[in-house]
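Please look over the structure shown below before reading on.

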Amino acid sequence: MNIKPQNPLTILAKDSKSIARTGTLWTRFGEVQTPCFIPDATQATVKHLSPDELKEINLEIVLGNLYHLWLRPGVDVIEKLGGLHEFMQWDRPILTDSGGYQVYSLIHRSGLGKITPEGALFKSHLDGSKKLLTPEISVSTQYRMGSDIILMLDESAPASKTEKYVHSSVNLTLEWAKRSRDTFDHLNTQNDRLLFGIVQGGVYPDQLARSAEETIKLDFDGYALGGVAVGLHDEKLHQIVGNALNLLPEDKPRYVLGVGYPQDIIKAVLMGADIFDCVIPTRNARHGSLFTRYGTMHITSAQYRTDKSPIEDDCDCYACTHFSRAYLHHLIRVNEPLGMRMATTHNLRFYMRLMENIRQHIAQGTFDSFTQEILSIYRPNAH
RNA sequence: CCGGGGGUCGCAUAGCGGCAAUUGCAAGAGGCUGUAAACCUCUCGGGCCUCGCCCUCCGUAGGUUCGAGUCCUACCCCCCGGA
């Protein structure tokens, strides 16, 4: 159990009508059942929830963000406090993002820095100071923080970029992949951590193929697909995800970064994805948008002012077993932290139940009808 | 009764000769996809509802002006001092 296996993914069952599979992912802090959804704990907390509350909704793993934690409180503090697990009192697996998304969000979208071959040069959003994030710094800092699953630093090209741009962007990411790999190999002497490579390529099949082929040569523990949650939606998103996952080794964990809505997850699982993370359930909860098996509901809407029923009648989360829609409606409207806490609890529990159902139906051979059921409610928009 | 201040979209505000009229809150609707996000966008007098135009509008009633929340007069309310 504590010895890192040759391949961290163990496939336990496969769907007969698709390439969906269910299994377990090994980490030094225990196994994670797949397909799994990883809630984002960007700043070393799933906003509003305590570790006990996360366990109560059956969360197995969280995602921390290197970029945010690197700037504040900094790796020295986290190391001194015994590493991320000890610091945030979470004794289950932690995956950390490399800061690659911030290269996209802060540099490409907001112009707070620039990309150089050496690394990403950020102008810190906190104090304006200049910070150079290199693949070496990202990987070694994730390692020092105690991350169990480390992501290589990558660059996501915005969806609007030309193939020429994406071509050189893929080259840069491939270069960073090698440097990430080298850094990790020097650090991982205890052989207890996982390093995931990231495939890019935007909407261009040739670039995706090139990126996948070269990344696979570096033999990572798992492969993530990046750049798809940054400007692609619905059918276009699903199409690219399908193309890209098809290029990745069948026996290794396949991670779709930053995705997504229930329909996106179902579609990606059908195409062989094992791991997801997304801010949607937590952020939308804070904004009053709740997921149910009847679709999404905006709880602050006037129609719920006096609604005595729970958010979702058969949900087992704390919010649904204790409070009415009317109360949640009130709490969110008056901006009370309990409202956001309950909304987050519910949405994450909804996502956890979705993943539990996905795994169970794959194992039982009933995944096909289950996907039809979900997709009839969470219907992707045609383009 | 005297002196001073004030009445503008549900509440609170701006406006001091060209105004359907500022901003905040409230209200209504929507959006968030590896979190600079407890955030952002739109609507918010009425109508046609083609967004351009029409109607009604800033306590009430007159007046001055090509034109009045905006200036003048009277009246009605509210607040603060003094009898």
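The model is a predicted one. The secondary structure of chain A consists of 15 helices and 16 strands. Its radius of gyration is 20 Å, close to the 21 Å that the globule rule gives for 383 residues, and chain A is therefore as compact as a globular protein of that length. Of the 383 residues in chain A, 49% count as buried. When contacts between residues at least 6 apart in sequence are considered, 67% of them in chain A join residues at least 24 apart.

Tryptophan 176 belongs to helix H7, which covers residues 163-187. Is tryptophan 176 buried or exposed? It counts as buried because 27 C-beta neighbours lie inside 10 Å, and the threshold for a buried residue is 20 or more. Apart from neighbours within four places in sequence, tryptophan 176 is in contact with Pro135, Met152, Leu153 and Asp154. Arginine 353, by contrast, stands 37 Å from tryptophan 176, C-alpha to C-alpha, and the two are 177 residues apart in sequence.

The next topic is the packing of helices. Two packed helices are described by the angle between their axes and the distance between the axes. Helix H6, residues 135-145, packs with H7 at an angle of about 35°, and the two axes are 8 Å apart. The crossing of H6 and H7 is right-handed. On the side of H6, the contact is made by Pro135, Glu136, Val139, Ser140 and Tyr143, while H7 contributes Trp176, Arg179, Ser180, Thr183, Phe184 and Leu187. By class, the residues of this contact between H6 and H7 are six nonpolar, three polar and two charged.

A second pair is formed by helix H13, residues 325-333, and helix H14, residues 337-364; they pack at an angle of about 125°, with axes 7 Å apart. H13 is therefore oblique to H14. The crossing of H13 and H14 is left-handed. Here the contact is made by Leu328, Leu331 and Ile332 of H13 together with Leu338, Gly339, Met342 and Ala343 of H14. The contact of H13 with H14 has six nonpolar residues, one polar residue and no charged residues.

Conventions: Residues numbered from 1 in each chain as written. Chains lettered and ligands numbered in written order. Predicted model: local features only at pLDDT ≥ 70, side-chain atom pairs only at ≥ 80, totals over all residues. Axes fitted to C-alpha atoms, helices over the stretch in contact; angles between N-to-C directions. Helix = DSSP H or I, 4+ residues; strand = E, 2+ residues; numbered from the N terminus. Parallel < 35°, antiparallel > 145°, perpendicular 65-115°, else oblique. Left-handed = near helix turned anticlockwise from the far one by under 90°. Contact = placed C-beta atoms within 7 Å. Nonpolar A, V, L, I, M, F, W, Y, C, P; charged D, E, K, R; others polar. Rg over C-alpha atoms; globule rule 2.2 N^0.38 Å. Buried ≥ 20, exposed ≤ 12 C-beta atoms within 10 Å, placed from the backbone.
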